Amino acid sequence: MLKVTNLRETDNISPLMLRAYIAKKITALMNEYSVDTLDDIGCFVVLDKEEFSDFSISEMEFVEVLEIGDKYYLHGVRILGDSYGEDIYLPVEVLRK
């Protein structure tokens, strides 16, 4: 599990397309709230496939499947307080017929 609250921490995210996607979202949130980090607002959480139990759908405000680059992610937002939330990404394989 990787928790990210600023642009510097996105360097640890792979693949590159997910890193760019999250960096863009962090930049937009920092500009919107006029902050240098997201410490008081929330964080982005990137899970490994094996950490699927950390993605409890019942705890999410909403859930969607995102295609970022050539990878698929189960994406959800968990609200932990009045002004704090987690944006969570879990890599998944999507079967196509």
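1. Two strands are taken to pair if DSSP finds at least two bridges between them, and helices (H or I, at least four residues) and strands (E, at least two) are DSSP runs numbered from the N terminus. In that sense strand β3 (residues 62–68) and strand β4 (residues 71–81) run antiparallel and are joined by seven bridges.

2. Please keep in mind that this is a predicted model, in which local features need pLDDT of at least 70 and side-chain atom pairs count only at pLDDT 80 or more, whereas totals for chains, interfaces and linings use all residues. Residues are numbered from 1 along each chain as its sequence is written, and side-chain values use heavy atoms, with hydrogens and water left out.

3. The protein has one helix and five strands, and these elements follow the order β-α-β-β-β-β from the N terminus on. The radius of gyration, taken over C-alpha atoms, is 13 Å, close to the 13 Å that the globule rule (2.2 Å times the number of residues to the power 0.38) gives for 97 residues, so the protein is as compact as a globular protein of that length. Along the principal axes, the C-alpha atoms fill a box of roughly 45 × 30 × 20 Å.

4. Returning to the hairpin of β3 and β4, two residues stand between the strands, and Gly 69 takes a positive phi near 70°.

5. Leu 74 has Leu 90 in β5 as its bridge partner.

6. Leu 80 lies in strand β4 and is partly exposed, with a relative accessible area of 48%; here buried means under 20%, exposed over 50%, and partly exposed in between (1.4 Å probe, protein chains only). Leaving aside neighbours within four places in sequence, Leu 80 is in contact (heavy atoms within 4.5 Å) with Gly 85 and Glu 86. The C-alpha atom of Leu 80 is separated by 8.6 Å from that of Gly 42, which is 38 residues away along the chain.

7. For the protein as a whole, buried residues make up 37% of the 97 residues. Among contacts between residues at least 6 apart in sequence, 47% join residues at least 24 apart.
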